[in-house]
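Please examine the sequence and the three-dimensional structure shown below.

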Amino acid sequence: MSTQVPETETETEAETGVEHSEPLAPAQEERMRKKAEGRAEREERARREAEERANAEEDTYHLKVFRFDPEVEGKQEPRFDDFHVPFKKGMTVLDALIYARDTFDSSLTFRHSCRQAICGSDALFVNGRQRLGCKTQLSDLDEPVRVEPLPHAGVEKDLVVDMDHFYDQMEAVEPYFDADELPDGELEEQRQSRANREKVKMSTRCIWCGACMSSCNIAAGNNEYLGPAAINKAYRFAMDEREGEDRKQHRLNIIEQENGVWRCQTQFSCTEVCPKDIPLTEHIQELKREAVKNNLKFW
């Protein structure tokens, strides 16, 4: 029976610092050293990974996202899906939705484009309020973050709603500049005073997101009401001094109809949710005054 010490015992003694009765060959010592270093590296890597997992568990946000797909059997019943998204400083609701879609469920559907609060495509109902997903910081919200499609609009899939009615109402006020007279010179500008520009400046910020229309109880109950966004767009042009009296009269005729400005009950809900801080209710009230002055004819 051999009396040679097994190699595994020699390695253990070398690694634990126990002296061997006989000196090891240089090659064997080098091999033992590399193995010890490898074990230390693996242990350190495992420790870091464990810390990262622990931090990830702590720094996640819980999203409850509305799901609905009328074309897929088994998904036609509305429900909420839960997503736990790793949190990073500056993360928005849209960032979290994109992560959830790209990491957990590629069928999650929502609209987004510029991600800079300009296109208006990602208006959502987040924690009971209309908001732009790209503008809303996760850190400002209580968990779980409940993400739903805009109320008072037909849901096409998940967070995507039908915007056709909203666009129809916007088009109804003819939202484009149409001057009665043009400058005489071919290259002469259509000038506007600074004071008039300041008057209409806020109304020009509308990004057609539909948040105000979704928040309006009057619009929810009356499908014919023009709504705050469309009336604000009418204000933008009716109050522009570069349009003549005939054109202004035409716009006032549009907005003072039965389902125009007089349907507004001054609830300020549209102003509260507007992501561009447009004083929508004020603009509607000013158009009401203009409509009265137009009918009385002695201003």
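The largest cavity holds about 100 Å³ of space. The model is predicted: local features need pLDDT of at least 70, side-chain atom pairs count only at pLDDT 80 or more, and totals for chains, interfaces and linings use all residues. Residues are numbered from 1 along each chain as its sequence is written, and side-chain values use heavy atoms, with hydrogens and water left out.

A cavity is a set of points, on a 1 Å grid over the protein atoms alone, where a 1.4 Å probe fits but cannot get out; a pocket is an open set with protein on both sides within 12 Å along at least five of seven lines, and lining residues have an atom within 4 Å of a point. Grid points are joined across faces, edges and corners, and a volume is the space filled by probe spheres set on the points. The whole structure contains 3 cavities of 30 Å³ or more. In the second largest cavity there is about 80 Å³ of space. Its lining includes C216, I218, Y225, P228, C264 and F268, and is made up of 8 nonpolar and 4 polar residues, with no charged ones.

The largest pocket has a volume of about 270 Å³. Of its 19 lining residues, P151, H152, A153, H165 and M213 lie nearest the centre. Two or more residues of this lining come from each of α4, α6 (211-215) and α7 (217-221). The lining divides into 11 nonpolar, 7 polar and 1 charged.

The protein chain as a whole has 11 helices and 7 strands; these are DSSP runs, helices being H or I with at least four residues and strands E with at least two, numbered from the N terminus. Of its 299 residues, 39% are buried, where buried means under 20% relative accessible area, exposed over 50%, and partly exposed in between (1.4 Å probe, protein chains only). Among contacts with a separation of 6 or more, 63% are between residues 24 or more positions apart; a contact means heavy atoms within 4.5 Å.

Which residues of α4 are buried? They are F166, Q169 and M170. Seen down the axis of α4, these buried residues fall within an arc of 100°, so they line one face of the helix; the arc is that of the directions from the helix axis to the C-beta atoms. An α-helix has 3.6 residues a turn, so residues three or four places apart point the same way. The cover over the buried residues of α4 includes α6 and α8. Just after α4, E174 takes a positive phi of about 55°.

Helix α9 (residues 245-255) has R247, K248, R251, L252, I254 and I255 as its buried residues. Down the axis of α9 they fall within an arc of 155°, so they too line one face of the helix. On the face turned away from that buried side are the exposed residues E245 and D246. Among the elements covering the buried residues of α9 are α4 (164-172), α8 (228-238) and α11 (280-296).

The loop between α8 and α9 contains E243, which counts as buried at 7% relative accessibility. Leaving out residues up to four places away in sequence, E243 touches Y176, F177, D178, A179, F237, A238 and R251. E243 and Q190 are 53 residues apart in sequence, yet their C-alpha atoms are 9.9 Å apart. S193 belongs to the loop between α4 and α5 (194-201) and is partly exposed, with a relative accessible area of 30%. Its C-alpha atom is separated by 9.7 Å from that of D240, 47 residues away along the chain.

Some loops also show particular backbone geometry. A cis peptide bond, with omega about -5°, joins E143 and P144; P144 is in the loop between β4 (129-132) and β5 (145-148). D158, in the loop between β6 (155-157) and β7 (160-161), has a positive phi of about 50° although it is not a glycine. D277, in the loop between α10 (269-273) and α11, has a phi near 60°. Are these two residues buried or exposed? D158 counts as buried at 2% relative accessibility, whereas D277 counts as exposed at 56%.

Note on methods
Ala, Val, Leu, Ile, Met, Phe, Trp, Tyr, Cys and Pro count as nonpolar, Asp, Glu, Lys and Arg as charged, and the others, Gly among them, as polar.
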